[in-house]
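Here are some notes for a colleague who is opening this structure for the first time. Please read them with the sequence and the model side by side.

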Amino acid sequence: MNSLFWKMTIMLIVGSFLYSAPGLSQVSPTTEKSARVRITQGPEIERNDFVVIIRWTSNNPGGAPEHYGVVRYGTNPKELSQTAKSPIRLNPGHSETVFRVRIDDLKPRTTYYYKVEAMESNGKDDGFKSEVKQFTTN
């Protein structure tokens with residue numbers, strides 16, 4: 001009985017050590033920056049009655065694992081004064097990255113203009129911007 005107690009105690013200690021630091025296995029390494037980042041698909045609009053999501057794909061920009069997809073938008077194509085952004089974690093094993101940025105609180109029956117870009121979590125630009133596109137809300 002005493003032997004069973006010690007085996008259970010050791011298993012509990014080892015098990016708690018292995019599961020106490022799950023973040024260690026989830027840290028993505030910094031990868032080599034891409035020489036040229038470009039949009040390979042999109043940007044495209046996903047929408048319903050209450051929200052617009054802008055989605056695009058680029059080659060993997062590399063660098064730090066944490067990035068942001070960024071949409072600059074507004075009702076004047078020459079003044080994109082509003083910004084929406086969404087965090088993403090790059091997968092160093094994938095050659096492409098899909099960005100999705102949600103835009104809330106849009107006015108109904110209004111035409112909006114936008115362009116997309118991406119940046120590292122430190123604010124460093126990934127070096128690409130789309131041309132200005134547009135959509136109209138319902």
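1. Lys33 is partly exposed, with a relative accessible area of 33%; in these notes buried means under 20% relative accessible area, exposed over 50%, and partly exposed in between (1.4 Å probe, protein chains only). The side chain of Lys33 meets that of Asp126 in a salt bridge, 3.2 Å from N to O. The term salt bridge stands for a side-chain nitrogen of Lys or Arg within 4 Å of a carboxyl oxygen of Asp or Glu. The pair links distant parts of the chain, 93 residues apart: Lys33 lies in the loop between α1 (2-19) and β1 (39-47), and Asp126 in strand β7. Asp126 counts as buried, at 7% relative accessibility.

2. This is a predicted model, in which local features need pLDDT of at least 70 and side-chain atom pairs count only at pLDDT 80 or more, while totals for chains, interfaces and linings use all residues. Residues are numbered from 1 along each chain as its sequence is written, and side-chain values use heavy atoms, with hydrogens and water left out.

3. How many salt bridges are there by this rule? The count comes to nine. One of them joins Arg55 and Glu46 at 2.3 Å, N to O, and Arg55 is partly exposed at 27% relative accessible area. Both residues also belong to a network of salt bridges that links Glu44, Glu46, Arg55 and Arg100. Another salt bridge joins Lys129 and Asp125 at 2.9 Å, N to O. Lys129 is partly exposed at 44% relative accessibility, and Asp125 is partly exposed at 34%.

4. The chain has one helix and eight strands, and from the N terminus on they run α-β-β-β-β-β-β-β-β. These elements are DSSP runs numbered from the N terminus: helices are H or I with at least four residues, strands E with at least two.

5. Three strands form an open antiparallel sheet in the order β1-β2-β5. From one strand to the next the twist averages 15 degrees; the axes are lines fitted to C-alpha atoms, and angles run from 0 to 180 degrees between N-to-C directions. Strands count as paired if DSSP finds at least two bridges between them. β2 and β5 pair in the antiparallel sense over eight bridges, and Asn59 stands opposite Glu96 in β5.

6. Which residues have the most contacts inside the largest nonpolar core? They are Ile54, Trp56, Val71, Tyr73 and Tyr114, in a core of 16 residues. Such a core is a set of buried Ala, Val, Leu, Ile, Met, Phe, Trp, Tyr and Cys residues joined through side-chain atoms within 4.5 Å. At least two residues of this core come from each of β2 (52-59), β3 (66-74), β5 (96-103) and β6 (111-120). The largest share, four residues, comes from β6.

7. Val132 lies in the loop between β7 (125-129) and β8 (133-136) and is partly exposed, at 40% relative accessible area. Leaving aside residues up to four places away in sequence, Val132 touches Pro77, Leu80, Tyr113, Tyr114 and Lys115, where contact means heavy atoms within 4.5 Å. The C-alpha atoms of Val132 and Tyr113 are separated by 6.4 Å, although the two residues are 19 residues apart along the chain.

8. Of the 138 residues of the chain, 32% count as buried. Among contacts in the chain with a separation of 6 or more, 61% are between residues 24 or more positions apart.
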